[in-house]
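Colleague: I would like to learn how to read the strand pairing and the ligand shell in a model of this kind. Please start with the terms.

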Amino acid sequence: AKWVYGFGGGKAEGKADMKNLLGGKGANLAEMANLGLPVPPGFTITTDVCTYFYAHGESYPKELAGEVDTALAEVGKLTGKTFGDKVNPLLVSVRSGARASMPGMMDTVLNLGLNDETVEALAKKSGDPRFAYDSYRRFITMYSNVVLGLEHHLFEDILEEHKDAHGYTLDTELTADDWKKLVVQYKARVEEENGKPFPQDPREQLWGAIGAVFGSWMNARAKTYRRLHNIPESWGTAVNVQAMVFGNMGDDSATGVAFTRNPSTGESKLYGEFLINAQGEDVVAGIRTPQEITEDARKEAGSDKPSLEKAMPDAFNELTRIYGTLEKHYRDMQDLEFTIEQNKLWMLQTRSGKRTAKAALKIAVELASEGLITEDEAVMRIDPASLDQLLHPTIDPKAERKILATGLPASPGAASGEIVFTSEEAEALKEKGRKVILVRVETSPEDIHGMHAAEGILTTRGGMTSHAAVVARGMGKPCVSGAGSLRVDYNAKTMTVAGQTLKQGEIVTIDGSTGQVLLGQVKMIEPELSGEFATLMSWADKARRLGVRANADTPSDARTALKYGAEGIGLCRTEHMFFEADRIQAVREMILADNEKARRAALAKILPMQRSDFVELFEIMKGLPVTIRLLDPPLHEFLPHGDAEIAEVAKAIGTEPQKIKNRAAELAEFNPMLGFRGCRIAIAYPEIAEMQARAIFEAAAEAAKSTGKPVVPEVMVPLIATRAEFDIVKARIDAMAEAVSKEKGVTLDYQVGTMIELPRASLMADKIAEGEGGAEFFSFGTNDLTQTTFGISRDDAASFLATYTARGIVPVDPFVSIDRDGVGELVKIGVERGRRVQPKLKVGICGEHGGDPASVAFCHEVALDYVSCSPFRTPIARLAAAQAAL
Ligand code: PEP
Ligand code: MG
């Protein structure tokens, strides 16, 4: 096996499509070298070594050391320097690079190769002893932290003491001599803490750093990140060793990061930040507030610090040329890291840039119209689940804004919540169902769990590419970063601005689109769907085969569904029409009536309400298919609780409260989800199904008249297990259709179908659809089908399902994403058997899975006709359906 791949000098042994072996960073460094771009030479130790390392008790393949030596010598040749040399030493960086980007999760060591001798050589070569000793102390700090496990603050303390003693406030005030003295103290500190002197042998340093990077693959924050992003542990990380270039070699040196397009908005303009006379991590760490790259951006930001365009025009022009090359080559927006060493530009990284959903849409659509990608590719580029972000609320422009502070608009959307100052607190309150805004001076990878728990993130330090900003954008959470006028006091748990102090628990609203921090809860509005959204959706609609309907119970749901492109209603849960206070009363009367007469009296009250609901639905849907399901209430959701409610029902029915109590006790069930629900109600109390059928048909006749369009209701019978159940209910529905047709003097066109939500129904699908009077359509109720296939109660699963997913007993929550192997098999069987007897049988799905991208892909594969999901998820389903078809 080959364990090490070199790059540099206009060529490389690897290339972009070798990410699995070289990691993202290594593969792209190789690719850039192949493109002839200025990349400091280096080499990548493969992810296979990482796998070997963990499989062999943290040891290396025996050929590795030799391969590293050869590669190191090659880097020396390309740079004209020698590793460990006392005159012209080669210094290197050592960085991790996994297959998938894991920003800030693993470790990096810069300036490796420095020791008491090479630092002198560096001082001489650069003619800048201050720079040399500053680099050395950075190296000691980083190496000690990453490799030796010593805390940063050990060195920070020494530095602060030194600054105090000399009356300095900024690091830049320190002289060469100061750094030299500090280096002595730093090394002493290392020896004190570690019991051994700081390693002087560059080779020992190198292997120490390589081991630490491989070791960091298993650190706690990397594990958390992998879990949250579904990155398998088996992938491992690569290690990149690369010749150092210095952004801190004076005022003609700099380091920065740039996106070829704006990662928040998608706007096609180079976008980024840089720091003069600084080293790599300074920008991302958000310790100094960076400068803008372009003049335009500088003006827009109202900054008085010069842009890169002004300060280093040659390097800027080179960067502009390179970013054009990279975008065309990769056919995507790139996220670049660069360093300028004495006016010479070096590229340290390129990768597909993380972006908000909004930016992703704009970029995909624009790349397609620029001809760089096809429309279908644009469709494939958007993660369907990310569309959720676009459907996030923003602040009502008419709302009053009590602005506390303004920071950077780091991640769009708005959120309100109680302020908390630690990630632990954020998580604890979230568990109690509270909404929080996580406020930090800056965030670090240790805050990932808190950021997840929070509605939004607010930092007082750091730029648009700070940790907080990058991570929040990835999570689709609103973030305001660098709100510098806020003072955070972690001890007192307060945040102060302009003399006003807010305590933990007080409510603020952050607006991640403007950077504003507002006092209190502010009114939000639903998002407007942008032009690019509509364009991309139209491309998706062209590509997909699956129909997309929505589960809509109310007129307002139906309107939302239409707005988001639903092509019909796949499930109207009629019992949900009764949750309003004035209606639930009548339903309780109906349920609790102990004789048919009382039940009919209650039904008579319900009929007009149902009818007008249906008329409205049919009118809104203007002839699009509407599937109405007969009453399917888990009864316990409707039973009265407490004496007051019981008394009310008793009065309405004209009976004693005690009687109602008794009746409620009779109806109480141990297992309501498997109890008296679904078609069992229609069979026991046919008058209920009749009332509903009447309401549906009368409404259909009325809406057909008012809209001038034929209305063909699809009446759906829930929870059947046998053909006999279906026949009984269907007979009532048909009879009612005939009656209404006669009364109104109209012909009624309608279909009667069934839900398939019990394993038996799947198995008996052919019987259920067979012949005259068979079901005219199927809709898979995968919520109940999952419940009944697994034997896991949908309402009680939470207590153990989390353990199951955490331990990998099930790959994902089967109520969220369909269990292809088991539940999916039953769906397949149902489709096959149903279509065997009725080849054109229309089949859909209306369980929650209809809005889950992976489940939508499954539905496409098993040739369903449509999916039906909650109205807000219809765009997700449309896109997922398109991707499944492409
Ligand atoms: C289902 O069971 O999947 C379904 C859609 O019905 P409900 O969720 O109303 O039981
Ligand atoms: Mg169901």
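Modeller: Two strands pair if DSSP finds at least two bridges between them. Helices (H or I, at least four residues) and strands (E, at least two) are DSSP runs, numbered from the N terminus. This is a predicted model, in which local features need pLDDT of at least 70, side-chain atom pairs count only at pLDDT 80 or more, and totals for chains, interfaces and linings use all residues. Residues are numbered from 1 along each chain as its sequence is written, with chains lettered from A and ligands numbered from 1 in the order in which they are written.

Colleague: Which residue is the bridge partner of C572 in β29?

Modeller: I628 is that partner. β28 and β29 (residues 626-629) run parallel and are joined by three bridges.

Colleague: Where do these strands belong?

Modeller: In a closed barrel of eight strands with parallel pairing, β27-β28-β29-β30-β31-β32-β33-β34. From one strand to the next, the twist averages 25°, where axes are lines fitted to C-alpha atoms, for helices over the stretch in contact, and angles run from 0 to 180 degrees between N-to-C directions.

Colleague: Which residues are around ligand 1?

Modeller: A residue is near a molecule if its C-beta atom, placed from the backbone, lies within 6 Å of it. Around ligand 1 these are L571, R573, D632, E757, G781, T782, N783, D784, C846 and G847. Two or more residues come from each of β28 (569-573) and α31 (782-790).

Colleague: Which element gives the most to that shell?

Modeller: α31, with three residues.
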